[in-house]
Amino acid sequence: MSRFFLTLALLAAVDTSLAGAPYLIETRAQPPGILANTFLGYAIASSDRGIGLAGTLNGTVQVIAPSPSGTIVFAQTLTSGINADLYGASVAIASPQSIGSFAAVGAFGDDVPILNSGKVYAYRTQASLVMPFVAAGVL
């Protein structure tokens with residue numbers, strides 16, 4: 001069971017004990033073309049605007065967002081283009097009310113400028129839920 005689904009199960013248990021209303025599983029899906037040993041859900045984050053990030057260990061992050069019909073879909077794949085840098089092993093998302101959402105994706109195995117020095121990729125939202133994030137910079 002991936003960490004994503006395990007985390008959802010734990011959240012449901014905590015919510016049931018604290019508030020009395022369990023989470024409902026919206027969907028159990030994988031993005032098209034997922035490969036073996038991707039480890040989808042290795043790192044997860046969500047915002048108060050309904051956008052989530054599911055990191056992997058193969059160099060990608062899946063952006064999960066609500067569709068216009070109300071279902072949850074894999075809306076975008078973020079990548080550094082280098083599988084070995086462990087891009088996606090850590091993810092974070094914030095939603096300041098006045099300026100939109102920001103996301104950060106860690107790539108602690110990045111080797112530029114020196115071996116395993118790491119990088120953080122920053123993203124900001126745009127109006128489209130089809131492609132919710134655009135690159136804002138590399139730190």
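Me: Where is Phe-39 found?

Reply: Phe-39 sits in the loop between helix 1 and strand 1. Helices (H or I, at least four residues) and strands (E, at least two) are DSSP runs, numbered from the N terminus. Note that this is a predicted model, in which local features need pLDDT of at least 70 and side-chain atom pairs count only at pLDDT 80 or more, while totals for chains, interfaces and linings use all residues. Residues are numbered from 1 along each chain as its sequence is written, and side-chain values use heavy atoms, with hydrogens and water left out.

Me: OK. What is phi of Phe-39 near?

Reply: Phi of Phe-39 is near 60°, a positive value in a residue other than glycine. Most residues other than glycine have a negative phi. Phe-39 counts as partly exposed, at 47% relative accessibility. The cut-offs are under 20% relative accessible area for buried, over 50% for exposed and partly exposed in between, with a 1.4 Å probe and protein chains only.

Me: Which loop holds Asn-37, and what is its phi?

Reply: Asn-37 is in the loop between helix 1 (3–19) and strand 1 (43–46). Asn-37 is not a glycine either, yet has a positive phi of about 60°. With a relative accessible area of 62%, Asn-37 is exposed.

Me: Zooming out, how many helices and strands does the protein have?

Reply: The protein has 1 helix and 8 strands. Their order from the N terminus is α-β-β-β-β-β-β-β-β. The protein has 139 residues, of which 35% count as buried.

Me: And what is the accessible surface?

Reply: The accessible surface comes to about 8200 Å², and 64% of that belongs to carbon and sulfur atoms. Accessible areas come from the Shrake-Rupley method with a 1.4 Å probe, and for residues only the protein chains shown count as cover.

Me: How many aromatic pairs are there?

Reply: There is 1 aromatic pair. The ring centres of Tyr-87 and Tyr-121 are 5.1 Å apart and the planes are at 80°, so the pair is edge-to-face. For the rings of Phe, Tyr and Trp (its six-membered ring), a pair needs centres within 6.5 Å; planes under 30 degrees apart count as stacked, over 60 as edge-to-face and the rest as tilted.

Me: Where are those two tyrosines in the chain? Buried or exposed?

Reply: Tyr-87 is in strand 5 (residues 87–94) and Tyr-121 in strand 7 (residues 119–125), so placed 34 residues apart that the pair links distant parts of the chain. Both Tyr-87 and Tyr-121 are buried.

Me: Switching to charges. Which side chains meet in a salt bridge?

Reply: Lys-119 and Asp-110 do, at 3.3 Å, N to O. The structure holds 1 salt bridge, the term meaning a side-chain nitrogen of Lys or Arg within 4 Å of a carboxyl oxygen of Asp or Glu. Asp-110 is buried at 3% relative accessible area, whereas Lys-119 is partly exposed at 22%.

Me: What about Asp-85, buried or exposed?

Reply: Asp-85 is buried and has no salt bridge; the nearest side chain of opposite charge is Lys-119, 7.3 Å away. In that count Lys and Arg are positive and Asp and Glu negative, with His and the chain ends not counted. Asp-85 lies in the loop between strand 4 (72–79) and strand 5.

Me: Then which side chain makes a polar contact with Asp-85?

Reply: The side chain of Ser-80 does, at 2.6 Å. A polar contact is a pair of N or O atoms within 3.5 Å; within protein, one must be able to donate a hydrogen and the other to accept it, and residues adjacent in sequence count only if both atoms are side-chain atoms. A polar atom of the Ser-80 side chain also lies 3.3 Å from the backbone nitrogen of Ile-82.

Me: What else does Ser-80 touch?

Reply: Leaving out residues up to four places away in sequence, Ser-80 touches Gly-59, Asp-85, Tyr-87 and Tyr-121. Contact means heavy atoms within 4.5 Å.

Me: Last one. Which peptide bond is cis?

Reply: The bond from Val-112 to Pro-113 is cis, with omega near 10°. Most peptide bonds are trans. Pro-113 is in the loop between strand 6 (102–107) and strand 7.
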